[in-house]
Amino acid sequence: MAVLGAALTVAVLQSTGLMPVVGEPDPTTAGYRALAGDRALLDGLRVSLGIAAASTLLALAVGLGTALLARTTRLGGRLLRAAAAATVPVPHLVGAAAIGLLLADSGLAARALAVEPGDFPPLVGGPWWVAVVAEYAWKESAFVALVVLAALAAGERELDEAAATLGAGPWQRLRRVALPLAAPSAVAAGGVTFAYVLGSYDVAWLLGRSYPEPLPVLAFRLWTDVDLARREQALAVAVVTTALALASLLATAALLARTARATGRTAT
């Protein structure tokens, strides 16, 4: 927390001219005002939120489904747990390269389907950011699955057996036992996934379009510009992105509290 707080403080100071890269300190909001009138920021905001929302929803669907499926059979559950555990340590950059080789217009999928490069849909660098969302959803679904499995491991089997003894069917046990136990952990994992995807730039930089740029890619491009004056704008973009991520985590905490209360009422 100390490192994060120090980095965020420096970013705010530099973006407002209080700690300039060159020259004397001069309090200013020029970087933020320049971005306010720049369409690139609004387009990047829209793309970043869209990618984060789509990736989070897919990761939650796949991860939650995997966790619930893993609890049904012993051997199958072990295989699914092993697959999820093996996926989490893979760096996102390696995953992006693999998705690019798979979904490019001359990639493995196009060759397996015997589709000509010009006829294959533009999944990499296309208008819908399919490859970017697919990579994040694949990687983060494993994280969601492991978090939910850890929550289900804390007494779910005993409660499920007790419900079965009382005459509850499989669907009733799923709705009354498994889902209430899994819901808080799924909400927490979804919030973390959304904030992470919102602030991550490497996958979108490698697999996405050149314009519009997601906010992290925009910040990185401005920071590496030869014009040092652009660094204030880069840090302004970074501060805006951080504020959005923190807001999403606060919203997740509020939703988590409501989910815990709702699942408690459902369980009773």
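Trainee: Which residues in H3 meet which residues in H11?
Mentor: Contact means heavy atoms within 4.5 Å. On the H3 side Ala-40, Leu-41, Gly-44, Leu-45 and Ser-48 meet Leu-215, Pro-216 and Leu-218 of H11. By class, the residues of this contact are 6 nonpolar, 2 polar and no charged; Ala, Val, Leu, Ile, Met, Phe, Trp, Tyr, Cys and Pro count as nonpolar, Asp, Glu, Lys and Arg as charged, and the others, Gly among them, as polar. This is a predicted model, in which local features need pLDDT of at least 70 and side-chain atom pairs pLDDT 80 or more, while totals for chains, interfaces and linings use all residues. Residues are numbered from 1 along each chain as its sequence is written, and side-chain values use heavy atoms, without hydrogens and water.

Trainee: At what angle do the axes of H3 and H11 cross?
Mentor: Two packed helices are described by the angle between their axes and the distance between them. Helices here are DSSP runs (H or I, at least four residues), numbered from the N terminus. Axes are lines fitted to C-alpha atoms over the stretch in contact, with angles from 0 to 180 degrees between N-to-C directions. The axes of H3 (residues 39-70) and H11 (residues 215-223) come within 8 Å and cross at roughly 140 degrees. H3 is therefore oblique to H11; under 35 degrees counts as roughly parallel, over 145 as roughly antiparallel, 65 to 115 as roughly perpendicular and the rest as oblique.

Trainee: What lines the largest cavity?
Mentor: Rolling a probe the size of a water molecule over the atoms shows where empty space is left. A cavity is a set of points, on a 1 Å grid over the protein atoms alone, where a 1.4 Å probe fits but cannot get out; a pocket is an open set with protein on both sides within 12 Å along at least five of seven lines, and lining residues have an atom within 4 Å of a point. The largest cavity has a volume of about 60 Å³, and its lining includes Ser-48, Tyr-136, Val-197 and Pro-216. H3, H7 (130-153) and H9 each supply at least two lining residues. The lining has 8 nonpolar, 2 polar and no charged residues.

Trainee: Which element gives the most to the lining of the largest pocket?
Mentor: H12 does, with 6 residues. The pocket holds about 380 Å³ of space and is lined by 15 residues, with Gly-199, Pro-216, Ala-238, Thr-241 and Thr-242 nearest its centre. Its lining divides into 11 nonpolar, 4 polar and no charged residues.

Notes. Points joined across faces, edges and corners; volume = space filled by probe spheres on them.
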